[in-house]
Structure formats: C-alpha cells, structure tokens
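Hello,

Here is the structure I promised to pass on to you. Have a look at it first, and then read my notes below.

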Amino acid sequence: EVLLENAEEYLHYVIRFQNTGSASAINVRVQNTLDDKLDWKTLEVQEVSHYNRTEITNGNQVSFIFDNIYLPDSTSNEPLSHGYITYRIKPKPGIVLDDIISNSANIYFDYNEAVVTNTVMTKFVEILNTTDNVISEVAAFPNPSRDFVNFTWGDLGESAALELQIKDISGRIIISFAALSTDTTIRWDTN
C-alpha cells in the first residue's frame, strides 16, 4: 500500500532469478510488461547482477537481456546461479484512491519456457494499514539457508505473538508461523 499523497513518488521493483536447470544458461531474458498506470519514460535501472541491455518496446514491454551470461546451474555452483535487477518507476499522473498497479515478469533461460514470477500489487490508499511495531531488532541466521533458520528478537510483551513467513528466492511462502518466545528455530523439508 502507498499513500495517495505519495502517488508521484517512485515505485521500486526487484526481479530475482536463479538457474535451477542442469547446465549453464548462456542467455537470460527477463520480460516485464509494465502496468498501463506506470510511466515508462521514468524507468531507471538502479542495479543489475550481470552486464545486460534494456529494451523498451510498445511503450510498456521492458526486456532485460543478459547475452552470454553463462549463468551456472544451481547444482554445480549455487551461489553464482542467482541474478537480479532492481529498478524504479513512477506512476502516471491521475492515480486515484484504490487504484492498483500490478507487476510480474517472465524469465527465459536460453530457449526454455518462461518462469513466471509472483505478482506484486501496489494499492493507493488514504491511510496505511499498519500497527505499532514493538520489536526494535530481529536477527535471522543463517542467510541464505536451505532447511532451517534461527530467529531472535527482543521481548514481545505479555501474550504477544510475532507472525513470521519464510519465502524462497521467488517470493513463494515456504512456511508461516506464529512465534511466542524470543528465540525460535524453524526447520522445513527441502525435498
């Protein structure tokens, strides 16, 4: 959610990808169709994991093209099998209360079918739905992790619970849980 009064500010996006195939990906292409409420002329690529070029066609089709990336597969080199793009873009003028901007991307590794990212939706509101955060610091380790994560944080207060989610690199929720103590270890099956 974004306050309507901030509708002229940049929206920030991160697209992450990983080669989970069985060989290096020679070329990777990330296709991102911009919502019609986004002004493509304000698009600013902020950071990329690998050298690439960006193409915009038809006013809303953005392609991030990684030629000759030779992205290793995750079984032969997991740390180097990841890539990402971060960019920011402004909404077009005329955003009104309850407008929603959605965004997702298609990621192509060489000539394989697209891997579709999760869809993120930004809604413009008058009041943000937030609650007071009683936690000053949260630690999660190890990061990255395969099958467990340790969490520590300060006192939650009497009968308070902390809602936590663990997501994979694609943003899919692996596990959700409510934690009552200040130290928690969560394990899950990676198979």
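Which residues have the most contacts inside the largest nonpolar core? They are Phe-17, Val-28, Val-30, Phe-64, Phe-66 and Tyr-87, in a core of 26 residues. A nonpolar core here is a set of buried Ala, Val, Leu, Ile, Met, Phe, Trp, Tyr and Cys residues joined through side-chain atoms within 4.5 Å, and buried means under 20% relative accessible area, exposed over 50% and partly exposed in between, with a 1.4 Å probe and protein chains only.

Before going further, please keep in mind that this is a predicted model, where local features need pLDDT of at least 70 and side-chain atom pairs count only at pLDDT 80 or more, while totals for chains, interfaces and linings use all residues. Residues are numbered from 1 along each chain as its sequence is written, and side-chain values use heavy atoms, leaving out hydrogens and water.

The chain has zero helices and 16 strands (DSSP runs numbered from the N terminus: H or I of at least four residues for helices, E of at least two for strands). Of its 191 residues, 32% count as buried.

Back to that core: two or more residues come from each of β2 (11–18), β3 (28–33), β4 (38–48), β6 (61–66), β7 (82–91) and β9 (105–109). The most come from β2, which gives four. Another core, of seven residues, lies apart from it, and includes Val-149, Trp-153, Ile-166 and Phe-177.

Val-149 also turns up in a strand pairing: its bridge partner in β16 is Ile-186. Strands β13 (residues 148–153) and β16 run antiparallel and are joined by five bridges (strands pair if DSSP finds at least two bridges between them). On β16 (residues 183–187), Thr-184 and Ile-186 make up the covered face, whereas Asp-183, Thr-185 and Arg-187 are on the uncovered one.

Tyr-13, Phe-64 and Tyr-87 form one aromatic cluster.

Finally, Arg-88 has its charged end over the ring of Tyr-10, 3.7 Å from the centre (the rule asks for NZ of Lys or CZ of Arg within 6 Å of the ring centre and within 35 degrees of the ring normal). Arg-29 lies over the face of Tyr-108, at 4.3 Å from the ring centre.

Best wishes

Definitions and conventions: Rings of Phe, Tyr and Trp (its six-membered ring) pair if their centres lie within 6.5 Å; planes under 30 degrees apart count as stacked, over 60 as edge-to-face and the rest as tilted.
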